[in-house]
Structure formats: C-alpha cells, structure tokens
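The following note sets out numbered points on the model shown below. Please read each point alongside the coordinates.

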Amino acid sequence: MMSMASLRIWSISVTLISILSTHLPLSTSIGVNYGRNADNLPSPQDVVGLYKKCGIQLLRLFDPSPDVLEALRGSNLQVSLGVRNEDVQIIASSPESASQWVNTNVAPYKGDVNFQWITLGNEIIPGDKATYVTQAMQNIHNAINSIGLTDTKVTTSFYLAGLASSYPPSAGTFISDIEGVMRNVANFLVQTGAPLMVNLYPYFAYASEPEHVSFKYATFNATDPVIDGELKYYSLFDAMADSVYAALEKIDARNVSLIIGETGWPTAGNEPYSSKENALTYNSALLSHLESGKGTPRRPNQAMDAFIFAMFNEDQKQVGVEQNWGIFYPNMTSVYSLFNC
C-alpha cells in the first residue's frame, strides 16, 4: 500500500505528464510533392538523393511509378503513395481489385520503402468519384493489413471547393452534396486513426482578390488579426485549416486531424503575385510555422505534417503559373534557397 508521501509524489507526476502531453507539440515532418509532369526531370535515384541531401523527410507520389519506388528502397523517406482518381471506382468495386493494386504497387517494396500513407485520389472530394472513396479506402486498408502493413494509414484528398462557407473559419461547413460522403470518410479516419489530407493554397485567394487579402496575411506575417469570436488569425493558412476543422466538427468528427497534401507558391506566370521572392517568403514562413508546433487557433499545439508543392518546375503542365511551382529546376539547382542543400 502506498504511503501518503508516495501517493502525493505519484499524483504530482501524473499531473505533470498530463500537462506536458496536453501542451507540448508533437514533432512535425516536412515533405515535398514529387510531381512528374515533365520530360526533363533527373533520374528517380538522383531525386531521392536530393530529398535526402536537403533533409526533406516526406515524399508524396501522386501515382505509383516502379522506377521511383525502386529508387526509394532503403532511403527511409516517409512516402505518401497515391491512387489515381480514375482507379478509385474500380478499387471500391471489390476487395480483389484493391488486393491487386496493393500486390502490384506496394507488396514488392514493403520491406524497403517506408509507406506512411496510401492516399485515395487527389482533390477527389468534391467530385464525381467522391461517393466511391470510403469503400475504396476500406478495401485498400484491408489489403495492406493482409500483407502486414498495419501501421500504414489510408486517407483521401479534400480541397476547399468542398466548403459551402469558410469565412470566418468557425463558419466552415461542407457543401450539401458531399456532407454524407464526408461523414463516411470521417468515420473511417476515426476508426483507423488516419488524418484527412487537405490541399491549402493561400496564394490563389491572394492573387484573385489582392484588394481583400493582404500579402502579409497570405504569408503568415499579418500584424492586424482577423477576429473570429475569441480566436485571432494572423495567417490565411491557419484560417483555411480551421475552416476545415470547423466543418468536421459540424459532422461530429472533431477527432479527425489534418495533413496538408499540397501548399506552396509559384515563382512565375502571374506577376506581380508570383515571384521567387514571394515564394521564398511564403514557404520559409510556412516551415517556421509548422516547425514551431503551435498549431492553429482552433487546434493549438497540434502538430501538422505538410507537403510543399512541388519539387520541380514541370514543363508539361499548362503554360504559365502551373509550370512554375518548383523549389528546384530540373537540373537540380535551386529556383530559390528554401533548404540548406
């Protein structure tokens, strides 16, 4: 039986642990999207080497590529492997289709590639294939569990066109067309402990309405906050994230966390809004914000992993802004110096 002194020490220790676990942020990992819509990119082996040289921890692939997956063997990079939007319906149609996809694209590499997430589609919600997402996630989840990948999380990709309202952030609400879909998705994510992948782009809001969205607010540098009840917002990024959190709360999914699947800033194609200087300002502030672990006003001290878009400029995309999101040129020199490499 504990003495009173021992009981008191134990009680204090439990209280301290509780306080620390509540208020200390978990570590955040930073990644970059490895887009490949170009005809002049370096070899996958060189790309993986560049990720490691630059200390980039996470790599997101939008679809399976045997060459890239081979290059990732032994790298220990944390990988988000995407399922193409056009494959989601067939994967939802049967467990056998999901097993075939996993046996082709995951199983051959499972001992050597660090699969952290399998992501069903990109910006697939909202969209005409959204109704297939939950069943597809369930089928993939069962398939990867069957080959022993019980720690790999299965998620999907949402973007802000799926919100009926996002201002102020507390008004965040899913559009009626996808509310049922998002309830099903959220239930799956809660049951499996997976985050919802969300694409957030303050750049587009700023570039489309610079008279209403200040550059400082779009780049984490506002001095006059946007007030939402008791919460204060100094960055549009946080406001966007919290509008999704608010929408999740309205469907009783408060426990779903977010991972940022895409965010970034273009360096050319829509001057003066796109520039190397603006891209460096945004992405540097993004890294500082995420690495601080302070979370968002609605989710303070909740760490959030994120992928910056994108690793390279991609010359086979639409001419203009779409070709100019890269942190690096295809020759692997920096477009601007974001990482120390």
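1. Asn85 is partly exposed, since its relative accessible area is 25% (buried is under 20%, exposed over 50%, partly exposed in between, with a 1.4 Å probe and protein chains only). The model is predicted: local features need pLDDT of at least 70, side-chain atom pairs count only at pLDDT 80 or more, and totals for chains, interfaces and linings use all residues. Residues are numbered from 1 along each chain as its sequence is written, and side-chain values use heavy atoms, with hydrogens and water left out.

2. Asn85 belongs to helix H4 (residues 85–93); helices (H or I, at least four residues) and strands (E, at least two) are DSSP runs numbered from the N terminus. Apart from neighbours within four places in sequence, Asn85 is in contact (heavy atoms within 4.5 Å) with Gly121, Asn122, Ile124 and Lys129. Between Asn85 and Asn199 there are 114 residues of sequence separation and a C-alpha to C-alpha distance of 15 Å.

3. The strands S1-S2-S3-S4-S5-S8-S11-S12 form a closed barrel of 8 strands with parallel pairing; two strands pair if DSSP finds at least two bridges between them. On average, and ignoring direction, neighbouring strands of this sheet are turned by 25° against each other. Angles run from 0 to 180 degrees between N-to-C directions, and axes are lines fitted to C-alpha atoms, for helices over the stretch in contact.

4. Strand S4 (residues 114–125) pairs with S5 in the parallel sense over 5 bridges, and Trp117 has Lys153 in S5 as its bridge partner. H4 packs on the sheet, where it touches strand S3 (78–83) and S4, and its direction makes about 105° with that of S4. H6 also packs on the sheet, touching S4 and S5, with its direction at about 155° to that of S5.

5. Strand S8 (residues 196–199) has Leu196 and Val198 pointing one way and Met197 and Asn199 the other, and all are buried. S8 pairs in the parallel sense with strand S5 (residues 153–159) over 3 bridges, and with strand S11 (residues 258–263) over 4 bridges. Ser157 stands opposite Met197 in S8, while Asn199 stands opposite Glu262 in S11.

6. The axes of helix H6 (residues 133–146) and helix H7 (residues 176–192) come within 9 Å and cross at roughly 20°. H6 is therefore roughly parallel to H7 (angles under 35 degrees count as roughly parallel). The contact involves Val133, Thr134, Met137, Gln138 and His141 of H6 and Val181, Asn184, Val185, Phe188 and Thr192 of H7.

Technical notes:
Angles under 35 degrees count as roughly parallel, over 145 as roughly antiparallel, 65 to 115 as roughly perpendicular and the rest as oblique.
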